[in-house]
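Q: Could you take me through the packing and the charged pairs of this model?
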Amino acid sequence: MDTVQKLMSGFSLDLGPLKEPLGFIRVLEWVFTIFAFATTGGYSGTSHLKVTCKGSSEENVNAVFGYPFRLGAYPYRIPLCNGSSGFSDTFLQGDFSSSAEFFVCVGVFGFLYCTATLVLYLGYQNVYRQTTRGPIIDLVVTAAFAFLWLVSSSAWAKGLTDVKNATNPEHLVDSCMASVTCTPGDFPSMGRLNASVIFGFLNLILWAGNCWFIYKETPFHKDPNPPATMEEGGAPGP
């Protein structure tokens with residue numbers, strides 16, 4: 001309880017940092033990080049096939065899949081076309097969950113870090129600038145997230161390409177039996193996933209660029225012993 005009271009007593013809301021690149025870019029990171037993991041997590045798509053048996057009408061077959069893209073867990077049913085009303089359970093092929101989950105994980109942790117630092121910037125700015133430890137830690141963590149965005153976005157871009165190939169209706173036609181006539185239908189809508197890759201690389205640019213503005217807050221950029229001025233009592237030079 002005493003800790004909470006101390007934290008609240010030191011809180012002083014100041015929106016001034018939002019007018020500076022340090023705070024403004026952090027807000028952009030917060031927004032684009034949400035877009036990155038929100039456009040990937042919860043995605044669901046459908047590939048369409050058209051199956052025709054001799055002497056019967058055309059049937060639509062839907063292969064549904066979604067995040068985290070363990071495609072082998074998603075079966076779709078194709079008519080047997082052997083005179084019975086039975087179906088054959090066929091599964092999508094491929095497991096691309098590692099790259100997708102890694103991308104979403106980086107996005108979620110990035111969102112949490114942005115939220116924490118925005119509270120620090122806007123409510124505890126005096127604490128942040130009072131010591132050199134805060135800006136240095138902020139710089140190291142921000143640089144680490146920039147690297148993670150590079151790795152996760154690149155991995156997810158490759159994973160998304162593999163997901164598109166694995167769920168391509170023209171590729172699924174090959175899994176049909178010889179007694180079945182299959183034709184590819186509509187492709188799954190991937191616009192949301194394409195946007196997630198774009199947001200990932202935009203986050204890379206934002207987090208890497210923000211390192212410069214955080215670096216300017218550290219003692220590595222500031223002169224630790226600035227020259228004394230006349231107001232501070234320094235003697236004029238010869």
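Q: Which residues touch the most other members of the largest nonpolar core?
A: They are Phe 65, Phe 69, Tyr 76, Trp 149, Trp 156 and Trp 207, in a core of 40 residues. Such a core is a set of buried Ala, Val, Leu, Ile, Met, Phe, Trp, Tyr and Cys residues joined through side-chain atoms within 4.5 Å; buried means under 20% relative accessible area, exposed over 50%, partly exposed in between (1.4 Å probe, protein chains only).
Q: Which helix gives the most to this core?
A: Helix 5 does, with 7 residues; helices (H or I, at least four residues) and strands (E, at least two) are DSSP runs, numbered from the N terminus.
Q: What is the basis of these values?
A: This is a predicted model, where local features need pLDDT of at least 70 and side-chain atom pairs pLDDT 80 or more, while totals for chains, interfaces and linings use all residues. Residues are numbered from 1 along each chain as its sequence is written, and side-chain values use heavy atoms, leaving out hydrogens and water.
Q: Is Thr 167 buried or exposed?
A: Thr 167 is buried, at 0% relative accessible area. Its contacts (heavy atoms within 4.5 Å) include Phe 65, Leu 71 and Met 190.
Q: Changing topic, how many salt bridges are there?
A: There are 5, each a side-chain nitrogen of Lys or Arg within 4 Å of a carboxyl oxygen of Asp or Glu. One of them pairs Glu 101 with Arg 70 at 3.3 Å, N to O.
Q: Where do those two partners lie?
A: Glu 101 is in helix 3 and Arg 70 in the loop between strand 2 and strand 3, 31 residues apart.

Technical notes. Lists of a residue's contacts leave out its neighbours within four places in sequence.
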